[in-house]
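Let's walk through this structure together, one question at a time.

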Amino acid sequence: MAARAAGGGRWEVVKKGRRPGAGGRGRGGGGDRRALGEANGVWKYDLTPPIQTTSTLYERGFERIMKRQNKEQVPPPAVEPKKPKNKKQTKKVVTLTNQSPKQSRFRSLEEALKALDVAALQKELDKSQSMFSGNPSVWLKDLASYLNYKLQAPLSEPTLSQHTHDYPYSLVSWELRGIVRGLLAKAAGSLELFFDHCLFSMLQELEKTPGESLHGYRICIQAILQDKPRIATMNLGKFLELLRSHQSRPAKCLTIMWALGQAGFANLTEGLKVWLGIMLPVLGIKSLSPFAIAYLDRLLLMYPNLTKGFGMIGPKDFFPLLDFAYMPNNSLTPSLQEQLYQLYPQLKVLAFGAKPESTLHTYFPSFLSRATPSCPPEMKKELLSSLTECLTVDPLSASVWRQLYPKHLSQSRQVGVGEGHLLSDAYREALIHAPQPALGLETKEEHLTLFFSLLLEHLLRSWERIPKKTRKSLQETIQSFKLTNQELLRKCGFNNQDVVTCDVACKGLLQQAWGCQLPLTRLLLLVLVFAMGFLCHDFRSHSSFQASVSGQLLHSSGFLPAGQQACAKIYFYSLRGYSWLEETLPAWGSHLLTVVRPSLQLAWTHTSATVSFLSAHCASHLAWFGDSLTSLSQRIQLPDALTQLLHSLKELLLLLYQNMLVPVWRMLLEALAWAQEHCHEACRSEVTWDCVKTQLTEAAHWTWLCLQDIMVAFLDWAHAMISQQ
């Protein structure tokens, strides 16, 4: 059996004992390793259809260059007998020829981007599109291969934490961005496969030592997710499995997390999906936790308005974060735990959502299960405040609490029984997540009563700060708890200290709820109504004030003479003041009018002239200025919240102007016109001070008569109400 040698150009006899391929062990072994790597490899999903792929235009160009260089550099095969050293020499020559087209590294990525020939890139892409007009995925692969080959710069750590969130895409020129985005728009149907190709190529380069820099693939990933961030979150389960398969390779895991995390910088919702689906499951792994928390910090810092993220975090995701932020001795370092603790208020806002009044009852059981005496003080404070918020904001929380208390306390003492009940899962979760001292309790009744007693004691301390609308519902809840506690105490006696504590707290809360004093305003109003009713009944029964009991009491005590004397003095001084004003006011008024009239006439003349000049010469300028302001306000992209606020303010001012200011102004003008006409008619076209004084006196007398009629009607109504009682 004979075969032609690969590089010798002559026949060679193969011995019987040699196996085919033994001489090419390096190549065959490489194939075996490659097959093993594909079997146990990092990517378990086919990125391309199971057909023979065509080589791209860019790769074909490199093959032609390499063949031409091999023809020029490698001498023709010799006829001499083959020696063992020839193989090593041939390997070295092939290695050198393979390294010849490799792109040299630049000192920085900025220099590499400046040296990139955009026209040459466009030319190569045009050739690719003309040769493979029906295969857009080839165009995209050519783009990624070209960029990654040309942008060879020093390697950086996988997460690029020392740079801005949009690095390296932020360094790309506008011309290159236009080319990249234009090609992505043409191949919109292949973007998901292209994203997988870029990510898989990055992971392959990380296996090489040393591998190429990954700036080209990173730029392509950022360009894809900037316009279509949902591509990264369409199949998060696939990427989570990929991440777990590389758990022992932190560099690859961080690269996957970085690539998927770029979706969050374009959309908060997609960023939260990535964090909850990819980064939260690996939170606690020493090599991955710093990037996960740093990414969450940067994401929440970019979006101060969290409304677009409402509904993304549920109880299943929220309470592990609560435990990580507050529970000591967990898998996070103290610095990372402190950083997560600072982010907890924003996560709480995202979890409660836009309508906490309808969602907080779903968080209540898990909050309650963690409130144990052995939990840290800060965590206990947060849990009790959150439980109080649930009870005061969501009315269903009190109903859930009422259902939880008697159902679980009336069940069997075996922990774990309770399937089919409303909140058994919450209790099971409480047993799992509760601190160790709480897990040592013997019965479910003691365990839950311990939770309830802590919350009841907290409500007892903060009862005055609870809104009045919530107190009634809490009062009914506590009353039902009191009855349950009494049944428990009758069954097990007074040996259970937790039940006794809970019963004492319930009694204290009920005493506070029932023993509240009447408000001061209501008490004063009640006293006033009672006094007026007594006076009316006294006057009517004795037919006069002097004969009434009140009059005789006031006269005998001296209050009536003193009051009469005070009223006489007030009347005397009022008459003197009125006569002084009657004598002085006309003289001073005429003098003031004589002095001020010329100045007022001059000021009015100048004001009229100024207004006329402005209306004549500045009307066009004012119109232009108004149009400019309108167009400028339309061009400026204000935040949605500010735009809505300005629109609401405009509608409010317009409503006030149309419904209040204009009607009031018209009523005032009509009243003044009616008063002027009435004065002319009453004074017979000659308005004097005596005539005005007479009219004012008549108006005051009419007002006094109306008030007397109103008071008499009110007294009659009060007397009738008292007589009915």
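## A residue and its neighbours

Q: Leaving aside its neighbours within four places in sequence, which residues is Leu236 in contact with?
A: This is a predicted model, so every answer here describes a prediction. Setting aside the neighbours within four places in sequence, we look for residues in contact with Leu236. Those contacts are Lys273, Val274, Gly277 and Ile278.

Q: How many Å apart in space are Leu236 and Ile278, C-alpha to C-alpha?
A: Along the sequence, Leu236 and Ile278 are 42 residues apart. In space, going from C-alpha to C-alpha, the distance between them is 7.2 Å.

Q: Is Leu236 buried or exposed?
A: Leu236 has its place in helix H10. Its relative accessible area is 16%. Buried means under 20%, so Leu236 is buried.

Q: Which helices do the buried residues of H10 pack against?
A: Helix H10 covers residues 236-245, and its buried residues are Leu236, Lys238, Phe239, Leu240, Leu242 and Leu243. These buried residues pack against helix H8 (191-207), helix H11 (250-261) and helix H12 (268-279).

## Helices side by side

Q: Are H8 and H11 roughly parallel or roughly antiparallel to each other?
A: H8 and H11 pack with their axes 10 Å apart and at an angle of about 155°. Angles over 145 degrees count as roughly antiparallel. H8 and H11 are therefore roughly antiparallel.

Q: How many nonpolar residues does the contact of H8 with H11 have?
A: From H8, the residues Phe195, Leu199, Met202, Leu203, Leu206 and Glu207 meet Ala251, Lys252, Thr255, Ile256, Ala259 and Leu260 of H11. By class, this contact has one polar residue and two charged residues, and the number of nonpolar residues is nine.

Q: Is the crossing of H6 and H7 left-handed or right-handed?
A: Helix H6 (residues 136-150) and helix H7 (residues 174-186) pack at an angle of about 155°, with axes 10 Å apart. The two are therefore roughly antiparallel to each other. As H6 passes H7, the crossing is left-handed.

Q: How many charged residues does the contact of H6 with H7 have?
A: On the H6 side we find Trp139, Leu140, Leu143 and Leu147, which meet Leu176, Val180, Leu183, Leu184 and Lys186 in H7. By class, the contact has eight nonpolar residues and no polar ones, and the number of charged residues is one.

Q: Are H15 and H17 roughly parallel or roughly antiparallel to each other?
A: H15 and helix H17 (residues 377-393) have axes 14 Å apart and pack at an angle of about 20°. Angles under 35 degrees count as roughly parallel. H15 and H17 are therefore roughly parallel.

Q: How many charged residues does the contact of H15 with H17 have?
A: Tyr341, Tyr344, Lys348 and Phe352 of H15 make this contact with Glu378, Glu382, Ser386 and Glu389 of H17. Three residues are nonpolar and one is polar, while the number of charged residues is four.

## Aromatic rings

Q: How many aromatic pairs does a search of the whole structure find?
A: A pair of aromatic rings is described by the distance of the centres and the angle of the planes. Searching the whole structure for such pairs gives a total of 16.

Q: What is the angle between the planes of Tyr326 and Tyr344?
A: Tyr326 and Tyr344 form an aromatic pair, 5.3 Å centre to centre. Tyr326 lies in helix H14 (residues 315-326) and Tyr344 in helix H15 (residues 334-352), so find both helices in the view. The pair is edge-to-face, and the angle between its planes is 90°.

Q: Is the pair of Phe352 and Tyr363 stacked or edge-to-face?
A: The ring centres of Phe352 and Tyr363 are 5.4 Å apart, and their planes stand at 70°. Planes over 60 degrees apart count as edge-to-face. The pair is therefore edge-to-face.

Q: Is Tyr363 buried or exposed?
A: Tyr363 is in the loop between H15 and helix H16 (364-370). Its relative accessibility is 3%. With the limit for burial at under 20%, Tyr363 counts as buried.

## The whole chain

Q: What percentage of the residues in the chain is buried?
A: The chain has 29 helices and two strands. Of its 725 residues, the buried ones make up 33%.

Notes:
Residues numbered from 1 in each chain as written. Predicted model: local features only at pLDDT ≥ 70, side-chain atom pairs only at ≥ 80, totals over all residues. Heavy atoms only, no water. Axes fitted to C-alpha atoms, helices over the stretch in contact; angles between N-to-C directions. Helix = DSSP H or I, 4+ residues; strand = E, 2+ residues; numbered from the N terminus. Parallel < 35°, antiparallel > 145°, perpendicular 65-115°, else oblique. Left-handed = near helix turned anticlockwise from the far one by under 90°. Contact = heavy atoms within 4.5 Å. Nonpolar A, V, L, I, M, F, W, Y, C, P; charged D, E, K, R; others polar. Phe/Tyr/Trp six-rings, centres within 6.5 Å; stacked < 30°, edge-to-face > 60°. Buried < 20%, exposed > 50% of the residue type's maximum accessible area, 1.4 Å probe, protein only.
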